[in-house]
Amino acid sequence: MDMPAGAPPEVRVALVARDRRFVRVASFLLGRHGYAVETAPSPRGLISLLERNGADVVVVDGSDSSNAGAQTAALLATLERPHGLVVVDESSDVRPLRSRAAVAKWSSFERLVEAIEHAYYETHGSYGLANIP
């Protein structure tokens, strides 16, 4: 999916996961797709990552904990700057966390990219930070 004109050239993604294999694979593939990727091992580690580098979209692995996505959503709600949120999970039948995108962890990489782009434009478009056609 191409980014609309006026969108920032590089979307910053914070990847929150303990699964080292998923972190390596997702970081590599997202980086090749043009995203700037930073990682944190847990929702707690996300706080310092966001303070240091910021992020436009947070991708959290919900496989480790049934409430990791909810914890991350609650954390993001307390921050001044808007952040998109995508939850990945081992299950092939992932249910979204309220209005947040959810993707099966090892599904097609394009599904993850689409979810990230959707979360970015949904969050930042409503704050006037991106131009949506």
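**View 1. R18 is exposed, at a relative accessible area of 58%.** Buried means under 20% relative accessible area, exposed over 50% and partly exposed in between, with a 1.4 Å probe and protein chains only. R18 sits in the loop between β1 and α1. Helices (H or I, at least four residues) and strands (E, at least two) are DSSP runs, numbered from the N terminus. R18 and P41 are 23 residues apart in sequence, yet 4.9 Å separates them in space, C-alpha to C-alpha. This is a predicted model: local features need pLDDT of at least 70, side-chain atom pairs count only at pLDDT 80 or more, and totals for chains, interfaces and linings use all residues. Residues are numbered from 1 along each chain as its sequence is written, and side-chain values use heavy atoms, with hydrogens and water left out.

**View 2. The protein chain has 4 helices and 5 strands.** From the N terminus, the order of elements is β-α-β-α-β-α-β-β-α. The protein chain has 133 residues, and 44% of them are buried. Of the contacts with a separation of 6 or more, 65% join residues 24 or more positions apart. A contact here means heavy atoms within 4.5 Å.

**View 3. A search of the whole structure finds 2 aromatic pairs.** One of them joins F22 and W106 edge-to-face, at 5.5 Å centre to centre and 90° between the planes. F22 belongs to helix α1 (residues 20-32) and W106 to the loop between β5 (101-104) and α4 (109-125), so the pair ties together parts 84 residues apart in sequence. Rings of Phe, Tyr and Trp (its six-membered ring) pair if their centres lie within 6.5 Å; planes under 30 degrees apart count as stacked, over 60 as edge-to-face and the rest as tilted. F22 is buried, at 2% relative accessibility. W106 is partly exposed, at 37%. R21 also meets W106: its charged end sits over the ring, 4.4 Å from the centre. That call needs NZ of Lys or CZ of Arg within 6 Å of the ring centre and within 35 degrees of the ring normal.

**View 4. Helix α1 has 13 residues and reaches 18 Å from its first C-alpha to its last.** That span is close to the expected 18 Å at 1.5 Å a residue. The expected value is 1.5 Å times one less than the number of residues. F22, V23, A26 and L30 are buried in α1. They span an arc of only 95° around the axis, which puts them on the same side of α1. The arc is that of the directions from the helix axis to the C-beta atoms. R20, R24, F28 and R32 are exposed on the other side of α1. The buried residues of α1 pack against β1 (12-16), β2 (36-40), β4 (84-89) and α4.

**View 5. D19 caps the N-terminal end of α1.** A side-chain oxygen of D19 lies 3.1 Å from the backbone nitrogen of R21. Such a polar contact is a pair of N or O atoms within 3.5 Å; within protein, one must be able to donate a hydrogen and the other to accept it, and residues adjacent in sequence count only if both atoms are side-chain atoms. Just after α1, G34 has a positive phi of about 105°.

**View 6. The buried residues of helix α2 (residues 43-53) are P43, G45, L46, L49 and L50.** Their arc is only 140° around the axis, which puts them on the same side of α2. R44, E51 and R52 are exposed on the other side. G54 follows α2 and has a positive phi, near 70°.

**View 7. Helix α4 has 17 residues and reaches 23 Å from its first C-alpha to its last.** The expected span is 24 Å at 1.5 Å a residue, and the model comes close to it. At the start of α4, a side-chain oxygen of S108 comes within 3.2 Å of the backbone nitrogen of E110. Buried residues of α4 include L112, V113, I116, E117 and H124. The buried residues of α4 pack against β1, α1, β3 (57-61), β4 and β5.

**View 8. H83 is buried, with a relative accessible area of 8%.** H83 lies in the loop between α3 (68-77) and β4. A polar atom of the H83 side chain lies 3.4 Å from the backbone oxygen of A55.
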